[in-house]
Amino acid sequence: RKAYFYQTSQIGSSNLAHKFVLLAGPSSEELGSDIGHLLGVPVSRMDVGKFADGETRVQIQENVRHKHVYIVNSTTSPD
């Protein structure tokens, strides 16, 4: 059960929301959604996969040029 005690977000209703991007990694999607909800902004889409050599591939689905980018992700490995 989640309970939030906060004032109405000033970010989602202002021009500030267009100046930053919120991304959530696969292991932190729920936390990222909660943060987006509290801030009043959506979590941006990104695709995460693996290259043939095992390295992680990330492709952000929107333009992040000239924006502040915030990434919510765990540093632990799912292995």
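Student: Among contacts in the chain between residues at least 6 apart in sequence, what percentage join residues at least 24 apart?

Tutor: That comes to 53%, where contact means heavy atoms within 4.5 Å. Keep in mind that this is a predicted model, where local features need pLDDT of at least 70, side-chain atom pairs count only at pLDDT 80 or more, and totals for chains, interfaces and linings use all residues. Residues are numbered from 1 along each chain as its sequence is written, and side-chain values use heavy atoms, with hydrogens and water left out.

Student: What percentage of the residues count as buried?

Tutor: 23% of the 79 residues. Buried is under 20% relative accessible area, exposed is over 50%, and partly exposed is in between (1.4 Å probe, protein chains only).

Student: Let's do the helix. Which residues of α1 are buried?

Tutor: Gly32, Asp34 and Gly36. Their cover includes β1 (20–24) and β4 (68–72). After α1 comes Gly40, with a positive phi near 80 degrees.

Student: What does Ser44 touch?

Tutor: Leaving out residues up to four places away in sequence, Ser44 touches Val21, Leu22, Leu23 and Glu62. With Glu62 there's also a side-chain polar contact of 3.0 Å. That term means a pair of N or O atoms within 3.5 Å; within protein, one must be able to donate a hydrogen and the other to accept it, and residues adjacent in sequence count only if both atoms are side-chain atoms.

Student: What about Val43, where is it?

Tutor: Val43 is in the loop between α1 and β2 too. Val43 counts as partly exposed because its relative accessibility is 29%. Val43 touches Leu22, Leu23, Ala24, Gly32 and Ser33, again setting aside residues up to four places away. Val43 and Ile71 are 28 residues apart in sequence, and their C-alphas are 9.8 Å apart.

Student: Switching to strands: how many bridges join β2 to β3?

Tutor: Five, and the two strands run antiparallel, with β3 covering residues 56–60. Strands pair if DSSP finds at least two bridges between them. β2 and β3 make a hairpin with five residues between them, and Gly54 in the turn has a positive phi of about 95 degrees.

Student: Which residues form the nonpolar surface patch?

Tutor: Val48, Val58 and Ile60, with about 220 Å² accessible together. Patch residues have over 30% relative accessible area and no salt bridge; like charges are joined within 9 Å, nonpolar side chains (Val, Leu, Ile, Met, Phe, Trp, Tyr) within 5 Å. A salt bridge puts a side-chain nitrogen of Lys or Arg within 4 Å of a carboxyl oxygen of Asp or Glu. Val48 belongs to β2 and is partly exposed at 38%.

Student: Last one: which residue has a positive phi although it is not a glycine?

Tutor: His66, at about 65 degrees. His66 lies in the loop between β3 and β4 and is exposed, at 79% relative accessibility.

Terms used: Accessible areas come from the Shrake-Rupley method with a 1.4 Å probe; for residues, only the protein chains shown count as cover. Helices (H or I, at least four residues) and strands (E, at least two) are DSSP runs, numbered from the N terminus.
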